[in-house]
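Here is a short briefing on one protein model. Keep the sequence and the 3D view open as you read.

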Amino acid sequence: MAEKQAHLNGAYYGPSVPPAPANYRSHRRSSGCGCGCCLLKLLLKIIITLVIIIGLAVLIFWLIFRPNEVKFHVTDVSLNEFNLDRNQTLRYDLAVNITVRNPNRRIGVHYDRIEARAYYEDQRFDTQTLPSFYQGHKNTSFLNPVFKGEHLVVLGADETAEFNEESASNIYSIDVKLYLRIRFKVGSVRTGRFRPKVSCDLKVPLSAANATFSTTKCDWDF
């Protein structure tokens with residue numbers, strides 16, 4: 001009994017723990033982040049950093065230059081002829097006055113190409129190419145396309161009935177669209193080319209009717 005008690009009061013370590021199998025250790029080593037995982041994390045950090053830098057650059061650009069949309073208005077029109085014969089040949093004589101206002105203080109616009117197209121019932125009946133120009137800061141410019149001639153248009157029964165109604169009222173629904181090729185100039189830096197479209201949906205009175213035309217705002221379509 002005394003020997004058993006002495007044994008209990010002494011240090012007891014129990015049986016030795018066998019070492020882990022070799023295959024277990026190798027499995028623990030391979031479960032960490034490998035080279036591919038580290039590269040993926042690095043790439044993700046680079047992408048996030050670039051997004052933040054680009055976002056800050058855009059914000060700084062906007063705070064400094066405060067870009068505003070260039071505004072197009074049709075201020076006056078002259079429609080001397082707009083007749084459709086039995087063969088659906090449209091004869092027309094239309095002049096349009098358009099003001100272009102650049103409200104920006106530090107941004108200029110290069111109009112490298114301006115193509116004005118006239119439509120009736122979504123059918124184009126004439127196209128005019130206008131002179132290119134540069135528009136400076138806080139500047140108002142003027143465009144004066146003139147459409148004159150004849151063109152075959154194919155109108156269905158509904159479109160023909162609408163034309164007859166408009167002929168009776170001497171006010172026609174004519175769309176003028178500007179197809180542009182432009183560049184912006186900020187200081188000495190010029191951007192790449194953009195190809196926006198500007199749409200002007202007009203109610204055009206025949207000049208002989210002595211009706212008043214209302215100034216119409218045109219809409220951008222990038």
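This is a predicted model. Strand 8 and strand 10 (residues 197–205) pair in the antiparallel sense, with nine bridges between them.

- Strand 8 spans residues 171–186. Twelve of its 16 residues are buried, so the strand is mostly covered.
- In the pairing with strand 10, Y172 has V204 as its bridge partner.
- Strand 3 (residues 107–120) also pairs with strand 8, again in the antiparallel sense, over 13 bridges. There, I107 is bridged to V186 of strand 8.
- Strand 9 (residues 189–190) is another antiparallel partner of strand 8, with two bridges. V186 has V189 of strand 9 as its bridge partner.
- The hairpin of strand 8 and strand 9 has two residues between the strands. In this hairpin G187 takes a positive phi near 65 degrees.
- In a regular strand, side chains alternate between the two faces of the sheet.

**Positive patch**

- Which residues gather in a patch of positive charge on the surface? They are R101, R105, R106 and K138.
- R101 sits in strand 2 (residues 89–102). Its relative accessible area is 31%, so R101 is partly exposed. Patch members need over 30%, and R101 has 31%.
- K138 lies in the loop between strand 5 (133–135) and strand 6 (139–143). K138 counts as partly exposed because its relative accessibility is 45%.

**Nonpolar patch**

- L39, L42, I46, L50, I53 and I54 form a nonpolar patch on the surface. Together they have about 580 Å² of accessible area.
- I46, one of these residues, is placed in helix 3 (residues 35–65). At 43% relative accessibility, I46 is partly exposed.

- K138 has a positive phi near 50 degrees, and it is a residue other than glycine.
- E121 is not a glycine either, yet its phi is positive, at about 50 degrees.
- Where is E121 placed? E121 is in the loop between strand 3 and strand 4 (123–130).
- Is E121 buried, partly exposed or exposed? With a relative accessible area of 24%, E121 is partly exposed. Buried would require under 20%.

Key:
Residues are numbered from 1 along each chain as its sequence is written. This is a predicted model: local features need pLDDT of at least 70, side-chain atom pairs count only at pLDDT 80 or more; totals for chains, interfaces and linings use all residues. Side-chain values use heavy atoms; hydrogens and water are left out. Patches are made of residues with over 30% relative accessible area and no salt bridge: like charges are joined within 9 Å, nonpolar side chains (Val, Leu, Ile, Met, Phe, Trp, Tyr) within 5 Å. Accessible areas come from the Shrake-Rupley method with a 1.4 Å probe; for residues, only the protein chains shown count as cover. A salt bridge is a side-chain nitrogen of Lys or Arg within 4 Å of a carboxyl oxygen of Asp or Glu. Lys and Arg count as positive and Asp and Glu as negative; His and the chain ends are not counted. The place of a charge is taken as NZ of Lys, CZ of Arg, CG of Asp or CD of Glu. Helices (H or I, at least four residues) and strands (E, at least two) are DSSP runs, numbered from the N terminus. Buried means under 20% relative accessible area, exposed over 50%, partly exposed in between (1.4 Å probe, protein chains only). Two strands pair if DSSP finds at least two bridges between them.
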